[in-house]
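Me: Hi, could you help me look at the aromatic side chains in this one? I'd like to start with charges and rings.

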Amino acid sequence: MPGREAGANAGARVTGVGTVRRWIKVSVAAAVVLGIGGYVAEPYAQDRMLAGSACGGALPRDVVDRLTPDDAHLESEESRQTGALGSYGCDLTMKGDEVNDSRLISMEAYTRRDDQDREFFRAFPEEGYSSQSAVPEGLPGFIDRLGVIQLLMPCPDLPKDAEGRQGKLLVRTWMGRDTLYGVPGAAYQAVVALANSASDRLGCGAEPLKAPKGNAVPPALGDEPKGVPLTRAEGTGCEWVTRAGLPESGDWRVEAGMNDSAPTGQCDLSSESGDSGNDKGMYFVAWYGDWSNRLVFEDSNGEFLSTTATARCDGEAANFALSASDDIPGVDKAAERRMFKQFAQDQVDRRDCSGLRFRF
């Protein structure tokens with residue numbers, strides 16, 4: 001598996017229980033004003049003003065509060081929209097003696113296919129086996145190798161393109177290294193609020209998203225994800241691995257990175273049964289949308305990569321691929337192909353796709 005790049009949020013801090021809320025500080029500051037002057041309240045008044053106006057007022061103030069370190073204040077906000085190009089973006093920055101990255105949160109949204117394809121190409125260069133993480137079910141997206149949360153939403157109010165494909169909206173949201181994205185629930189609440197606002201601004205008409213339940217937080221990108229026993233894959237998009245017939249001696253573990261509404265996902269299997277304790281692995285990847293057709297070709301001669309498959313899902317191409325270590329104990333090429341068929345068929349069944357074809 002290719003190395004996992006350090007995410008944009010690496011090193012982010014999480015507030016503890018009992019952290020004094022910033023709006024409580026506003027009240028305290030207002031009382032102090034009576035005795036020592038208005039300058040004490042000014043930073044907190046600016047925090048409240050910027051939190052309420054950032055990104056067209058889409059971000060709930062309490063969410064901004066929870067994402068902002070206690071020793072920081074909001075500095076500026078900026079929004080930009082180009083209706084003719086179907087793009088919208090906004091930024092909210094902060095400052096403070098302990099702040100090394102001034103970005104609190106940034107968002108970009110695109111309705112044009114060319115812009116969306118460009119961003120997917122950046123996320124999945126070359127053969128497409130870039131690291132990625134799943135977002136909670138119910139959110140149509142994934143987290144890319146740089147820690148950007150990418151949501152791809154269908155747009156019923158946008159016209160179909162020249163090839164008859166329904167319009168979509170890609171919303172990319174990322175946070176600074178000092179943003180408290182690990183506060184339970186806060187990051188995804190911000191992401192959902194921004195995506196829904198972008199849909200309204202760009203005339204997408206998507207069904208409003210809801211923040212995931214259970215106070216989910218994005219994974220700490222920058223740390224190597226840890227696999228779990230195969231039994232823990234039950235109920236996930238990688239549940240098929242529990243029926244894959246893997247050798248019992250392999251101490252197999254799985255990283256379940258599938259989301260049934262996302263434009264991409266992967267199931268990574270690893271074993272420590274290799275020679276001298278070296279890990280062996282198989283990496284099953286799915287990409288949904290015509291943008292992914294380029295990922296299954298060899299750069300050198302334009303032929304298809306070995307062990308790939310294609311299908312039609314929701315009017316566009318879907319592509320599936322397998323990358324595997326050499327000489328996995330107990331797993332020969334025939335077993336790899338058998339499991340790849342299980343993976344691709346499971347994905348096709350989950351998404352009601354058609355025309356599954358294998359290339360090997």
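Reply: Happy to! Arg118 lies over the face of Tyr110, 5.2 Å from the ring centre. Keep in mind that this is a predicted model.

Me: And which ring does Arg351 lie over?

Reply: That would be Tyr288, with Arg351 at 3.7 Å from the ring centre. Tyr288 also belongs to a cluster linked by ring pairs.

Me: Nice, which other residues are in that cluster?

Reply: Besides Tyr288, ring pairs bring in Trp240, Phe284, Phe320, Phe340, Phe343, Phe358 and Phe360.

Me: Switching to pairs, how many aromatic pairs are there?

Reply: The count comes to 15. One of them is Phe120 with Phe142, a stacked pair at 6.4 Å centre to centre and 25° between the planes.

Me: Where do those two sit in the chain?

Reply: Phe120 is in helix H4 (residues 113-123) and Phe142 is in strand E5 (residues 141-143), so the pair links distant parts of the chain, 22 residues apart.

Me: Are Phe120 and Phe142 buried or exposed?

Reply: Both Phe120 and Phe142 are buried.

Me: Why does the Tyr129 and Trp287 pair count as edge-to-face?

Reply: Because the planes of Tyr129 and Trp287 are at 70°, and over 60 degrees counts as edge-to-face. Their ring centres are 6.2 Å apart.

Me: What does that pair tie together?

Reply: Tyr129 is in the loop between H4 and strand E4 (133-134) while Trp287 is in strand E11 (residues 280-288), so the pair ties together parts 158 residues apart in sequence.

Me: And what is the relative accessible area of Tyr129?

Reply: Tyr129 has 12% and is buried. Trp287 is buried too, at 0%.

Terms used: Residues are numbered from 1 along each chain as its sequence is written. This is a predicted model: local features need pLDDT of at least 70, side-chain atom pairs count only at pLDDT 80 or more; totals for chains, interfaces and linings use all residues. Side-chain values use heavy atoms; hydrogens and water are left out. Rings of Phe, Tyr and Trp (its six-membered ring) pair if their centres lie within 6.5 Å; planes under 30 degrees apart count as stacked, over 60 as edge-to-face and the rest as tilted. Helices (H or I, at least four residues) and strands (E, at least two) are DSSP runs, numbered from the N terminus. Buried means under 20% relative accessible area, exposed over 50%, partly exposed in between (1.4 Å probe, protein chains only). A charge sits over a ring if NZ of Lys or CZ of Arg is within 6 Å of the ring centre and within 35 degrees of the ring normal.
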